[in-house]
Amino acid sequence: MRKAFLNIGGCMLGMYLAATQLPGVNYSNIATVLTAGAVLGVLYLLVRPLMKLVAAPLALITFGLAYLALDAVLLMYVTRRYPALYIQDFLWAALAALVVNLCRWVVGWFIPK
């Protein structure tokens, strides 16, 4: 349970950093960014493992870049649900997904083994 909350918190932090630091990610209010981060965290917990399983053969061919594209697609899906949060194109979505995953990785350090 703690891991799930830290995962969602990491996604919220990553969405906040991506929205404030990347010029291709635009937002109108911070509450929308944090809500979208929470929804992205829930999608990462529920949908991402299945999508990673399906994309595993492609990830072998592309040396893992397919997982970054998969995360960018999930991020674009979430931003389409929130009109106050806008990502210009797929490249900005991939960079935002990279920021979100780096934040999740750093937050994951706080999970005891």
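## Around V25

V25 touches A18, A19, L85, Y86, I87 and A96, leaving aside residues up to four places away in sequence. Contact here means heavy atoms within 4.5 Å.

This is a predicted model: local features need pLDDT of at least 70, side-chain atom pairs count only at pLDDT 80 or more, and totals for chains, interfaces and linings use all residues. Residues are numbered from 1 along each chain as its sequence is written, and side-chain values use heavy atoms, without hydrogens and water.

## The nonpolar core

V25 also belongs to the largest nonpolar core, which has 23 residues. M15, V25, L40 and L75 have the most contacts inside this core. Such a core is a set of buried Ala, Val, Leu, Ile, Met, Phe, Trp, Tyr and Cys residues joined through side-chain atoms within 4.5 Å. Buried means under 20% relative accessible area, exposed over 50%, partly exposed in between (1.4 Å probe, protein chains only).

Helix 1, helix 2, helix 5 (65-81), strand 2 (85-87) and helix 6 each give two or more residues to the core. Helices (H or I, at least four residues) and strands (E, at least two) are DSSP runs, numbered from the N terminus.

## One salt bridge

How many salt bridges does a search of the whole structure find? The count is 1. The side chains of R48 and D71 form it, at 2.9 Å from N to O. R48 lies in helix 3 (residues 48-54) and D71 in helix 5, so the pair ties together parts that are 23 residues apart in sequence. Both R48 and D71 are buried. A salt bridge needs a side-chain nitrogen of Lys or Arg within 4 Å of a carboxyl oxygen of Asp or Glu.
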